[in-house]
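Reader: I'm just starting out with protein structures and would like to go through one slowly. Could we look at how charged side chains pair up, and then at how the chains meet?

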2 protein chains.
Amino acid sequence: MPSYKAPVEDVLFLLRDVFQIDRYNNLPSFADATPDVIEAILGEAAKLCEEVLQPLNLSGDREGCVRQDERHVTTPKGFKEAFKAYAEGGWIGLPVDPEYGGQGLPHTLAIAVNEFVASANMAFGMYPGLTSGALAALLVHGNEEQKQLFAPKMTEGRWCGTMNLTEPHCGTDLGLLKTKAVPSGDGSYAITGQKIFISAGEHDLTENIIHLVLARIEGAPTGVKGISLFIVPKVNVNADGSLGEPNGVTCGSIEHKMGIHGNSTCVLNYDGAKGYLLGEANRGLNAMFVMMNHARLGVSVQGLAQSEVAYQNAAAYAKDRLQGRSISGVKSPDKAADPIIVHPDIRRNLLEIKAFNEAARALVLWTAMRSDIGHHSDDLKTSAAAEDYLGLITPVLKGVLTDVGFDNTVKAQQVLGGHGYVGEWGMEQFVRDARIAMIYEGANGIQALDLVGRKLPKDGGRAIMTFFNEVTQFAKENESDESMKPYIAPLQKAAGHLQQATMWFMQNGMGKPDNAGAGSYDYMHLFGLVALAYMWAQIAKTAIAKKSAGNGVAEKMDAKLTTGKFFMERMLPESSVRLARITSGADTMMSLPADMF
Amino acid sequence: MPSYKAPVEDVLFLLRDVFQIDRYNNLPSFADATPDVIEAILGEAAKLCEEVLQPLNLSGDREGCVRQDERHVTTPKGFKEAFKAYAEGGWIGLPVDPEYGGQGLPHTLAIAVNEFVASANMAFGMYPGLTSGALAALLVHGNEEQKQLFAPKMTEGRWCGTMNLTEPHCGTDLGLLKTKAVPSGDGSYAITGQKIFISAGEHDLTENIIHLVLARIEGAPTGVKGISLFIVPKVNVNADGSLGEPNGVTCGSIEHKMGIHGNSTCVLNYDGAKGYLLGEANRGLNAMFVMMNHARLGVSVQGLAQSEVAYQNAAAYAKDRLQGRSISGVKSPDKAADPIIVHPDIRRNLLEIKAFNEAARALVLWTAMRSDIGHHSDDLKTSAAAEDYLGLITPVLKGVLTDVGFDNTVKAQQVLGGHGYVGEWGMEQFVRDARIAMIYEGANGIQALDLVGRKLPKDGGRAIMTFFNEVTQFAKENESDESMKPYIAPLQKAAGHLQQATMWFMQNGMGKPDNAGAGSYDYMHLFGLVALAYMWAQIAKTAIAKKSAGNGVAEKMDAKLTTGKFFMERMLPESSVRLARITSGADTMMSLPADMF
């Protein structure tokens, strides 16, 4: 049976020591997040995840969700009670404005908790996760009446939320969507159409589900400029907040998926369902993008989370399993064989995962902190810089953390050999669950296009220039420090590759957009490598300082320095290949006739 | 629903045009494989695979195998009839010596057919596949009585075969195995112990199953030098070949696996089962290695096969699915959107798979041909060279084709977006099925160690030197040909990287074996890149010649040249990173204390 221990200590090290979160306690929300509060919250979250959610992961996968009829889907045994505990613990409301029932703490904390939840039970975590996403869109775009009617109940976990975008003939290209909204004359709309792949679309965890649905108001323009967003409750809600009649939305079927079996992925049929416009008419995509960015960060965390839990189980196995002898001489002469962690290739495998996870966690938390800082700061320049950074890094986080996170679950599975392929050890579930994160909330190829086609050129490349300056500045400040050399020199080299790639796009992508498209995926991963290396350089700096301060953490800080060095020596060199691929351009791939594929 | 079309034309192109198989029709076995015979056999195999085996793939996955009781396991609906058709078609006997009921055709043809079978239905293909492996070991190591008793019935598919190595506490490290064999006094042995992960271990396809079982004769030395191989029939066989009483081997359970659900992976309990020594006592590993090498080549073909079928379905989807508009201008103005094959990143994804598959197929067939040539040639030098080459390339084929083959199923799945994650399109099954190939018959980390630790240094590096000479010679012969430049220059560069890596091991791996272990996995993949590039260079040479001969195949030959160029530009540059990783050595990874993982 797989196990999980939340990396509380690593989160604390990052927030306190590396990113020094206490520098921001002059900002609202941060002020409440005192060191004690942070530690207490992470500790409680760890307990919930380790003791309540993780034990339901394997059983939830085996049991799956069952559609009883078009209005009833049952979740796996224990999910209902777990959701109650989750809701009552106030976890959905952690970052929500107290005006709507939340605790108003930094999103950074919520993101840290999300990692624990998604490691412990990814399928479960999607129920509150989608609720948070819907809540975020509601609080940004809803009118006061809508917010008062729906938000507090979602915050307390009495009602869940969903997002409804995809239709059978359109996923990525939302401009094609057909679901229609006809004004009912009373300010509401009648929504009719079919949505597919709706996560948490129907279930038995809450008495109501608030669907946010993209639809086209009768007579609206074609394409993306005629799409609006609607609030469509599963059960109609009276003006006083009490429940009315069931609405015209039903579950047509549950998808049979590769993984996340504990989450009900539904076909939802809307047949004149009562809906309420959220935000402006025909500006639905804008409203939805609030959810999307929230969701994309959340999905990137899922990639990290599955990588982490898979790593933990593989490392435990490698220390326990006796097989073969060390090639540099017997290590456990009293036993029939050495534990397999003595073998270099097992260590390589594990270190590739570990070196990724620790830097990815740093990047996630640093991104969340900058988002919080931007959100709460009075300084317009700080807010604008945060927005630039978020726009740039979101597709990188989503694409890279889910791609590599998935690869890492496969690597971890490999450590267990045949035992990794059978169900009881739980490793193959991590692979199946992690796989979806590369697809949903915009497939990773779309993230790459968003990065290269939209985020790079935006405002004359301001965001990427700022990022380069930040990295260059950090490198310059630390390059003369001898102990930092193993981290700074490789970072500078890889950042140089990213700069060359960016320049190449400027010179070759404008006139011939296929060149940008052809290199976009490699660029996204090149960016990820540089961002992770930058995190490792910062972690190394902190580790060196803490180590020389000699406060009894030397062994742990040495482990950080070794893991970071592994990243620089073994993983970062990939940047040169990414650059070579990008600069090879689009000509060859575009010249193959479609019928020759 | 997924579909499959066997790549008969590509196999014919490789055998006839690229490798000119007719050069060898002076050798036995090859003499019977006239061009007409080859074409007819591949055509018949394609028909069987497309019409009988492939339609059972998705249903076989959903239904799985069911253990009725300890002596009865039922396979999915249709498997029994399909196996009958397979057996009656003489497919098991294709390469088997006519003396034992086979057709005596080159293994090369059987390997080509194996690819089709493993694409159409990998789980099904393992039943005859394991039978072939057991048969191979029996024919090499069995005495005449054993061969006459068991081989013809296995050849005609009346009985199946298995291989029994793994036990709960040992897989890779067979020296630890505990299953014991006690002489019964009548020349037979009583076998007692537990074997796990036994593919095709119990089923309803045939009236008998011939298990080949590794066990330790009472009093034998410990470790691998005390292991013997035994023939243990599921049902005892009388001297006249008729069936006797059930033997003492039962199925304890069926594993719940990630994939290949159509194959019954069993725990087999041996309780004093009657067994017959196969080959010499205490030399069981040697005898088993005949099966292992056979099986490793077969497993590498599974990697290619899953990559091929996944590619075909992804390419078909990409040409059909309308979503978004080409960034270089609308391509299908009469439709609501362009087919997604217009997007560069979709093409990149598909071409990465296609460029691998076509070269991997070439490498498999070329390897099989050299094996056949070595086997049938009277020239000792030719035979020895073939053996050297096979020893060297087998771990590379097994490790690289299954690693990359799996990655390719994931890439192909990605092309379908959300539709790739749900069961009905079949893409997620390819991923789950392909995953096992990286693990069984020696996990890929073990292949890498076998390559670097055993195959490289063998006979003073004779095999690798010969390989380098062959590649260098080919490059030299073709480097002045202008049209070959895009293929030869990159091949030379990558081969240089492989030579540098080899040299680095010689200088740094002898004194410090951890350096060899730490770089072994990257070395295996570096070798694979060079071998595949060498295949592409040969394919390109043939394509250029065929194209200028102007016999109406120009478009197809151009497609080969473009695909090969893509490999050289986009995939081969990875060789430099592999080299960088190898030469970074073992120090960093070995310095992390085990408890810091």
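Reader: What do the side chains of E202(B) and K234(B) do?

Author: This is a predicted model, and in it the side chains of E202(B) and K234(B) meet in a salt bridge, with 2.7 Å from N to O. The pair links distant parts of the chain, since E202(B) sits in the loop between β5 (189-199) and β6 (208-217) of chain B, while K234(B) sits in the loop between β7 (228-233) and β8 (235-237) of chain B, 32 residues apart.

Reader: And is E202(B) buried or exposed?

Author: E202(B) is buried, and K234(B) is buried as well.

Reader: Okay, what about E144(B) and K147(B), how far is it from N to O there?

Author: The salt bridge between the side chains of E144(B) and K147(B) has an N to O distance of 3.9 Å. These two residues are separated by about one helical turn, because they lie three residues apart in helix α7 (residues 144-155) of chain B.

Reader: Why does K147(B) count as buried?

Author: K147(B) has 14% relative accessibility, and buried means under 20%, so K147(B) falls in that class.

Reader: Which helix holds D450(B) and R454(B)?

Author: Both of them lie in helix α13 (residues 444-455) of chain B, four residues apart, which is about one turn of the helix. D450(B) forms a salt bridge with R454(B), and their closest N and O atoms are 3.3 Å apart. D450(B) counts as buried at 8% relative accessibility, whereas R454(B), at 51%, counts as exposed.

Reader: Switching topic, how many residues does the contact take from chain A and from chain B?

Author: The contact takes 93 residues from chain A and 93 residues from chain B. Between them the two chains bury about 7800 Å², with 60% of that area on carbon and sulfur atoms. Y421(A), R570(A) and F597(A) supply 12% of the area that chain A buries against chain B, more than any other three residues.

Reader: How many salt bridges are there across the interface of chain A and chain B?

Author: There are two salt bridges across that interface, and R570(A) forms a salt bridge with D522(B), where the closest N and O atoms are 3.5 Å apart.

Reader: Which helix of chain A gives the most to the side that touches chain B?

Author: That is helix α17 (residues 554-571) of chain A, which gives nine residues. By class, the side of chain A that touches chain B has 43 nonpolar, 26 polar and 24 charged residues.

Notes: Residues numbered from 1 in each chain as written. Chains lettered and ligands numbered in written order. Predicted model: local features only at pLDDT ≥ 70, side-chain atom pairs only at ≥ 80, totals over all residues. Heavy atoms only, no water. Salt bridge = Lys/Arg side-chain N within 4 Å of Asp/Glu carboxyl O. Buried < 20%, exposed > 50% of the residue type's maximum accessible area, 1.4 Å probe, protein only. Contact = heavy atoms within 4.5 Å. Buried area = accessible area lost by both parts, 1.4 Å probe. Nonpolar A, V, L, I, M, F, W, Y, C, P; charged D, E, K, R; others polar.
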